[in-house]
Each structure stands twice: as C-alpha cells, then as structure tokens.
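Hi,

Here is the structure I said I would pass on to you. Have a look at it first, and then read on for what turned up.

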Amino acid sequence: MKILTTVKRVVDPDAKVRLNSDNSGLVTEGLEAKMNAFDQYGVEEAIKLKEAHGGEVIVVSIGDSAGTKEIRTALAMGGDRGVLVTADMSEIDPKGVADLLAAVIEREAPDIVLMGKLSVDSENNQVGQRVAAKLGWPQATFAFTCEVADGWATVGREVDGGTANVRVKLPAIVTADLRLNEPRYASLPGIMKAKRKPIEELTPDDLGVELEPQLIIQGYSLPPARAAGEIVDDVDSLIDRLQNTAKVL
Amino acid sequence: MADHIVNKRDIEFVLYELNDLLALTKHEKYEGMTREDFDIITDEAIKLCKEKLAPLNQAADAEGCRLEDGQVYVPESFKQAYADYGAGGWIAMSHNPDLGGMGLPVPLAIMMAEISIGACGSFMFYPGLTVAAGHLVENFANAELRDLVVPKMYSGEWTGTMCLTEPQAGTAVGDVATTAVAIEGTNEYKIKGNKIFISAGDHQLTDNVLHLVLARLPGDPPGTKGISLFLVPKYRFDGTGKLGERNDVTITGIEHKMGINASSTCSLSFGDQDDCRGYLIGKPRKGIVYMFQMMNEARITCGIQGLALGGCAYRLALEYTKERVQGPKMTERDPSAPNVKIIEHPDVRRNLMLCRAYTEGMRALLYRAAIHADTSHTHPDPEVRERANDMMELLTPIAKAWCTDIGFKVTELAIQLHGGYGYIKEYAVEQYMRDVKIASIYEGTNGIQALDLLGRKMRLKKGGVFLMWLQDINEFLQANAEHATLAAEISAIDKAKNAVAECAFNFTMMGKADPEAAILGATPFLEAFGYVEVGRLLVESAVVAQPKLDAIFAREGATDDEARRQVVIDNPEARFYDSKIKTARFFAANLAPKAVFLAKTIKTGDRSALDIVF
Ligand SMILES: Cc1cc2nc3c(=O)[nH]c(=O)nc-3n(C[C@H](O)[C@H](O)[C@H](O)COP(=O)(O)OP(=O)(O)OC[C@H]3O[C@@H](n4cnc5c(N)ncnc54)[C@H](O)[C@@H]3O)c2cc1C
C-alpha cells in the first residue's frame with residue numbers, strides 16, 4: 001500500500017507571536033518551530049497503516065528549506081522517504097498549497113492520503129478538502145478512527161454534536177483529528193536511520209504549478225485590549241449589572 | 001504543562017554558541033551528523049521528558065518503594081517509562097553502537113541527563129546506574145560476557161547496579177570485606193558479603209539485575225590494591241542469555257529516605273546460602289582502577305543532578321514570583337498604591353538572580369566539561385586529546401562538588417522565593433531540595449572531592465595541569481581586557497583568579513609547615529576555584545552574547561536606551577542575549593569576589609578547628 005502523509009512546519013502554538021512594526025506580518029525570530037500537531041496524528045496513522053498492510057509512507061511538506069527537519073522527524077517515526085516543495089509560505093494561500101499537494105499526489109499516485117485536519121498557525125481548515133476536490137477523490141475529514149480493507153476506508157468522523165461513520169473508496173483523502181491515535185515518539189535508532197532516507201526537493205516550477213493567490217493578507221491587527229473588570233459590592237448589584245448592563249440574564 | 005523542567009534556549013546557547021558542539025562532528029566517530037539531527041534529538045528528548053517522565057515525579061515521590069517477600073517494588077508507573085526510555089535508545093546515548101549504544105556526542109547525553117533528571121530524578125537512577133555498570137562491563141569484561149550482557153543493559157532489558165559501599169566501608173572504600181573465591185573447574189566465583197545503600201539494587205522493572213560488586217580474592221593485600229570487580233546477577237543466565245534460577249542474592253532491606261524516594265536504596269546480602277555466583281570482570285586486583293577510570297563521567301553526571309534539580313526549582317520560583325501578589329512597591333509612599341507581583345520587590349529579584357546566575361553557571365561548567373570529555377576520546381590529535389583529558393581531570397571535582405552544593409543552595413532559595421507555599425508539598429518545589437541533597441554525598445562526598453582537587457588534581461604533572469588552566473583563563477581575560485562593555489567584569493574575574501592562583505601557590509608552603517591546617521583549606525579552595533571558573537564562563541557567555549544583541553539593536557534601529565529596552569522587552573532573542581550580559585554582570589559584581597574572600601580565609605592559616613577539644 002502506498003501511503004502519503006503531509007507535515008507542516010509551524011511556529012510553536014505556545015510561543016508569543018508579535019506583529020511587525022507596520023502590522024504587515026508576524027515576527028517569528030527566535031520562536032520555536034514544530035510539526036503541526038494535527039499532522040502528527042496523520043503521520044502516526046500512516047505508519048500504523050503501513051505496519052498493518054505493508055507498503056511505503058511518503059512524507060510531503062511545503063515551506064522553506066528548514067522544513068526538512070519536520071520531514072526527517074516523520075521519517076524517524078517510521079516514514080520511508082520525503083518530498084519537500086520549497087515555497088515562500090508568506091506568499092501562498094490554501095489554494096496554492098492544495099494545488100502543489102495535488103500535483104505531488106498525482107506524481108506519486110498513493111492509495112490513501114493522510115493529512116492533519118488543519119494547521120494550528122493559520123487554522124484555515126481548507127487544504128484537505130481542496131485537494132480532494134481538485135483530484136476528484138472522496139474525502140473523510142476530522143477522522144477519529146480509520147480502518148482500511150478491500151480498497152475502502154471506513155472512517156469515524158467527529159461532527160457537531162456526535163460522530164458519523166463514512167466509507168470512502170480508495171484512493172481518498174483522510175484528515176486527522178486529535179483523537180485518532182497517540183503519535184509515537186521518534187526513537188534515537190529511528191532518528192539515525194532517518195538520516196539515510198531520501199528527501200527530494202522540488203519547486204512549484206518542477207511540479208508545473210503556477211501560484212496565483214486568491215487570498216491576500218492585507219494586514220494584521222491585535223484584538224482590542226479587554227477593558228478592566230469591575231468588582232461589585234454584593235450579589236444584588238451583580239444581578240442588576242448582568243440584567244441591565246450586560247443584558248445576559 | 002511541566003514547562004519549567006527545561007530551558008531549551010540556554011541549553012542550545014551552551015551547546016552551539018558558548019561551545020561549538022558541531023566541531024565534534026569533524027571527528028571520525030560523528031561523521032555525517034548535523035545540527036538538524038541534534039535538533040530532532042533535542043526535541044524528542046524534551047517531548048519524552050515532559051510528557052512521559054515529568055507527570056510521574058510527584059506521585060512516585062509520595063508512593064516510594066516497598067520490599068515484599070524479598071522483592072522490591074518501585075512505583076508501577078516506572079515500568080512503562082523504563083520500557084519507553086530503553087526502546088527510545090536513551091539509556092546509552094553516547095556509548096558503543098556495536099553493543100546497542102547510540103554513539104552520540106557526550107554533550108548530548110549530558111543534555112538528556114539534565115532534562116530527564118529534572119523531569120523525574122528518582123526514575124533516572126535505573127537507567128543511570130545501568131549505563132554506568134554497562135560501561136564498566138563494556139570496557140573491562142571479556143568479549144564473551146561483554147557481548148552477551150551489554151546489549152541487554154543498553155537496550156533496557158536488564159538493569160545494573162554499582163555495589164561498593166558496606167557498613168564499615170563508605171568513604172574508605174578500601175575497607176571492603178566482601179569476598180570472592182574461584183569455583184574450581186568453572187569461570188565462576190562464589191561471592192559472600194553485605195552491601196548497603198545500593199541504588200536501583202532491586203525492582204520489578206526488568207527481568208534481571210546485574211550487580212557490579214567490589215570484593216576480595218583470597219590472599220590479596222588489604223586496602224584498595226586488593227579489590228577485584230565481579231558481575232553478580234540476580235537471576236543466573238546461560239551462554240545465550242536465557243534466564244535460569246535465582247542467584248543467592250537477598251534483599252535484606254530498603255532505606256526510607258529524605259528524597260529520591262522512588263529510587264530503591266537496597267541492602268544486599270550475597271551468599272547467605274553459600275551459593276552466590278558471579279564472574280570476574282577484567283583482571284584480579286584491578287577493581288578500584290577500573291572504577292576510577294569511569295569516575296569522571298559519573299561525577300559530571302552527579303553535578304548534573306545539582307544543575308537539573310536546581311534549575312527546575314528556579315524556574316518554578318520564577319513562574320511563582322510572576323503570579324504572587326503581595327504589598328505595594330517599597331518605594332511607593334501613597335498608601336492606596338496597588339499591590340504588586342512579588343517579582344517587583346528588589347529582594348525577590350536578587351534571590352531570583354542568584355538562582356539564575358548559579359543555574360546558568362552550572363550549565364556552562366558542566367557542558368564545557370562534557371565537551372572536554374568527548375574531545376579527550378574522539379579528537380584526532382593526541383595532544384588535543386591529552387589536554388582535554390587533563391582539563392577534565394582538573395575540573396571534575398569542581399563540577400561534582402560545586403554543582404551539587406550550589407544546586408542544593410538554589411533549591412533552598414527557590415523554596416524561600418515561594419514563602420510558606422514553598423514548604424508545602426503541593427507546590428512541588430520542596431521535592432527538588434530533598435531529591436538533590438544526596439548528590440553532595442555519594443560518588444565521593446564533596447569533602448573528598450576537595451581533597452581530590454587539592455591533593456591530586458593540583459599536583460597532576462607537577463602542577464602543570466593547573467598552569468595550563470591558568471594560561472587558558474589568562475588568555476581569555478587578556479583578549480578581553482579592553483572589552484567595550486565587559487571590561488569591569490573581566491577585571492572582577494581576573495582578581496578572583498589571582499586570589500585563587502596565589503592561594504594555590506601558598507598551599508605548597510602551608511603543606512610543608514602544617515599539613516593538617518593545609519587540608520582545612522581544601523573545601524574553601526574548591527569553592528573559590530568554582531567561583532572563578534563559573535565566573536569566567538558566564539563572562540565568556542556575555543562576550544559571545546554582546547555582538548549578537550548589538551546586531552538585533554542595529555536591525556531594529558534601536559539607538560537610544562529607551563528603544564533598546566523596548567526591543568529587549570519585545571524580542572525574545574534580544575531578551576535572551578541581554579539576560580546573558582546582565583547575569584554575567586551580576587555574577588562578577590556579587591559572586592566572583594567570594595573567591596577573593598575565601599582565599600583570604602585560607603591564608604589566615606587558622607587552625608582552631610584542629611585545636612579545639614570537641
Ligand atoms: C541514597 C543513597 C544512594 C547510594 N547509592 C550507592 C550505590 O549505588 N552504590 C554504592 O556503592 N554506594 C551508594 N551509596 C553510598 C554512598 O556512596 C556513601 O554513603 C558515601 O560514599 C559516604 O559513605 P558513608 O555513608 O559511609 O559516610 P562516611 O564515609 O562515614 O562519611 C561521613 C562523613 O565523614 C567524611 N569523611 C569520611 N572519611 C573522610 C576522610 N578520609 N577525609 C575527610 N572526610 C572524610 C565524609 O566526607 C562525610 O562527610 C548511596 C548512599 C545513599 C545515601
């Protein structure tokens with residue numbers, strides 16, 4: 001079975017990101033970069049599928065050349081080879097990412113693609129869906145279970161107010177939610193082995209993809225500072241405030 | 001969660017900016033290794049420690065160990081953790097890959113030791129003793145025994161112990177009375193005797209425990225020259241490693257301790273039924289020699305306990321002082337002025353700064369020692385190897401004793417910073433103080449380290465090693481004497497260094513005139529030496545940081561003090577480099593002069609401690 005999985009290098013979600021002086025972008029100097037949390041579930045599921053069915057796991061990332069670290073981490077967990085599409089992430093929108101991924105997927109022709117449901121930096125939650133649409137493949141998003149048998153994937157999905165089970169014919173796109181599995185740690189032997197696994201570097205040109213962003217970021221601003229709270233004297237005045245000032249009761 | 005267990009930025013600074021870890025990758029052993037590999041290893045190390053070890057720490061401390069029907073039970077949660085730790089390859093990170101080690105540079109193993117001990121100090125005794133014992137077997141056992149047991153130890157299948165101490169033989173290890181007698185027609189020996197205080201001496205984590213036991217063969221001379229080293233398994237095994245019946249090793253008790261409660265500290269009786277069998281490691285009568293060859297790295301790891309637990313306590317205190325509100329600012333006259341976070345109070349800041357300077361100083365000292373340790377084995381040039389080895393020999397007693405005493409001091413200050421809450425178990429900081437205290441006692445008490453420094457290390461190559469150290473620090477100080485921003489700090493370290501050098505030369509005379517009085521100076525001398533070496537490394541850190549900070553200021557267009565301060569507030573990299581400079585300044589002004597003071601006290605030659613009738 002040929003399994004393709006995607007990883008994105010993101011700024012550590014716990015780090016404090018600041019705006020630059022003219023509010024045109026974010027300052028990430030000195031902040032930690034990590035593998036997008038949801039991608040870890042996708043990678044883990046890909047490796048589990050390989051362990052169950054045999055085959056190969058290809059790890060794909062789009063971003064600057066530092067992204068080999070996240071690919072290498074996924075290879076250390078058990079992936080077999082990597083593909084890095086180098087692109088300037090500040091000039092690329094979800095459609096561009098989806099176009100590039102779709103091009104890689106067409107080249108690789110995997111049986112299944114496992115992705116994170118969204119990336120924790122921009123939280124667009126679009127790429128998996130767009131890739132499926134672009135390729136005309138079935139999709140199962142927000143997966144918390146995933147079984148593969150006889151050319152079909154049965155996926156439990158987390159949806160508002162409950163869960164849904166879907167069956168999708170392979171090849172298909174599955175996007176991972178955080179209850180899908182517990183991602184393994186890369187072991188030192190795994191890390192040493194990953195050094196010898198190949199990572200192919202490609203450009204959008206190599207893939208014949210022309211990037212035409214449809215989403216252009218005009219600027220950033222911080223949410224307005226919250227006004228200070230007020231301490232009231234007793235319960236009666238609290239109820240009065242809730243009813244008449246905040247109008248929530 | 002558990003964010004306080006590691007300061008990744010400072011670890012990276014020490015590895016890649018203060019030192020050049022990547023220079024080691026030019027040595028054949030590490031060919032092909034890259035910064036990216038090391039970064040992935042660092043990230044995985046932190047993840048494992050934060051997510052798998054740190055959550056066990058407090059509960060394991062409360063649970064402790066128990067002895068039931070001759071078997072010790074340590075917290076059950078350690079079982080999975082030990083399996084994970086072994087499977088991850090973390091037990092023998094810098095050891096021989098042919099035997100299941102990972103063959104990585106020593107400083108990375110030191111890094112993992114810092115993070116993992118901080119996460120769960122009592123857990124780390126099991127892998128720590130195992131790798132120490134395994135390394136002895138690796139270096140000195142015959143090939144057959146080595147190839148059979150070392151891979152099982154390095155992979156986490158079996159654990160190991162170091163059995164030196166007996167009731168009458170603590171510091172005086174030469175008084176070991178356990179005996180070994182060859183069993184005719186076999187390669188085995190019958191072992192008989194009692195050991196106490198044996199860390200990781202028994203547990204339910206793995207199927208077998210291998211004890212490395214110091215014992216005497218019949219007719220060998222008394223003292224350290226007559227001691228041999230034996231491997232004594234809990235369960236016997238055959239030539240394929242298959243386990244057989246239980247060996248005649250009895251767990252007669254476990255200690256109830258001040259700290260490291262989840263590390264089992266066992267009394268062992270060998271040969272109660274006269275049927276305890278073991279194997280000789282290496283040659284007869286070489287036991288102590290073998291132990292001493294492994295001593296430097298074990299003592300540096302001991303220093304790491306001071307750093308790791310002190311560092312965790314400091315970072316908890318830092319978090320706490322940023323939250324706890326008490327009283328208005330002291331300089332505020334207005335009675336209605338608001339109360340402030342206690343980190344605003346000058347005395348709190350001074351205590352935090354002490355903790356910080358000590359912690360970063362310990363880290364600089366220990367990681368530099370780790371670089372020396374690695375260089376002494378892997379550098380292609382034998383002269384460089386020898387120099388690195390000499391430097392490590394000289395600095396090891398300081399790394400061990402200074403860092404464990406100062407590590408303890410930091411945990412104590414961190415409790416103080418918490419006020420009454422620091423004394424309460426729920427706040428987690430008191431455990432660090434209980435857990436770290438033992439590090440100044442075992443692996444040669446700190447008093448013995450001081451004697452080692454003064455009596456042996458200062459005399460290495462007839463004092464030539466000390467002179468080499470002196471030359472090295474002088475070169476650094478002279479090169480930076482005119483430093484634009486750090487000249488005052490350089491001068492403070494220079495004064496401290498001169499005091500220690502003068503003291504060192506005086507000892508020779510003192511020793512001749514009144515040897516016992518000279519010995520009184522050993523501990524203050526080690527302490528003073530530590531202040532000089534650490535002061536130098538912190539100022540060196542500032543020298544490294546200054547141009548990097550200036551570059552950020554230039555890029556951000558910060559030309560006046562106010563703008564620069566804003567950059568330091570906003571930009572974490574600027575804040576980091578600025579803090580390096582402030583920390584060096586604080587150490588040079590407040591702590592380095594301690595060396596001058598201590599040297600003065602030694603010079604008095606006061607012998608009242610000897611003359612008094614207690
Ligand atoms: C929790 C714990 C774990 C341990 N783990 C191990 C282990 O795994 N394996 C093992 O073999 N041992 C272990 N030990 C034993 C430890 O190494 C000894 O306790 C230590 O060597 C000191 O010996 P002692 O306790 O007999 O103290 P003593 O030797 O009686 O020392 C008491 C005091 O006298 C001082 N002193 C003694 N002799 C001299 C001298 N000649 N000059 C100056 N001062 C001197 C010492 O510095 C100390 O302050 C452990 C101990 C503890 C408490």
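Let me start with Arg434(B), which is buried, with a relative accessible area of 13%. You will find Arg434(B) in helix α12 of chain B, which covers residues 429-437. Its side chain makes a polar contact with the side chain of Asp61(B), at 2.7 Å. Leaving out residues up to four places away in sequence, Arg434(B) touches Asp61(B), Met258(B), Gly259(B), Asn261(B) and Lys425(B).

Please keep in mind that this is a predicted model. Its scores are ipTM 0.92 and pTM 0.95. For chain B the mean pLDDT is 96, and 100% of the residues reach 70 or more.

Now for the aromatic rings. Over all chains there are 25 aromatic pairs. One of them is stacked: Phe140(B) and Tyr290(B), 4.1 Å centre to centre with 15 degrees between the planes. This pair links distant parts of the chain, with Phe140(B) in helix α6 and Tyr290(B) in helix α8, 150 residues apart. Both Phe140(B) and Tyr290(B) are buried.

Trp158(B) and Phe237(B) form a tilted pair, because their planes stand at 40 degrees, with the ring centres 5.2 Å apart. Trp158(B) belongs to strand β3 and Phe237(B) to strand β8, so the pair ties together parts 79 residues apart in sequence. Trp158(B) is buried at a relative accessible area of 1%, and Phe237(B) counts as buried at 9%. Lys152(B) lies over the face of Trp158(B), 5.2 Å from the ring centre.

In chain A, Arg167(A) lies over the face of Trp152(A), at 4.6 Å from the ring centre.

Enjoy exploring!

Conventions. Residues are numbered from 1 along each chain as its sequence is written. Chains are lettered from A and ligands numbered from 1 in the order in which they are written. This is a predicted model: local features need pLDDT of at least 70, side-chain atom pairs count only at pLDDT 80 or more; totals for chains, interfaces and linings use all residues. Side-chain values use heavy atoms; hydrogens and water are left out. Helices (H or I, at least four residues) and strands (E, at least two) are DSSP runs, numbered from the N terminus. Buried means under 20% relative accessible area, exposed over 50%, partly exposed in between (1.4 Å probe, protein chains only). A polar contact is a pair of N or O atoms within 3.5 Å; within protein, one must be able to donate a hydrogen and the other to accept it, and residues adjacent in sequence count only if both atoms are side-chain atoms. Contact means heavy atoms within 4.5 Å. pLDDT is the predictor's confidence in each residue, from 0 to 100. Rings of Phe, Tyr and Trp (its six-membered ring) pair if their centres lie within 6.5 Å; planes under 30 degrees apart count as stacked, over 60 as edge-to-face and the rest as tilted. A charge sits over a ring if NZ of Lys or CZ of Arg is within 6 Å of the ring centre and within 35 degrees of the ring normal.
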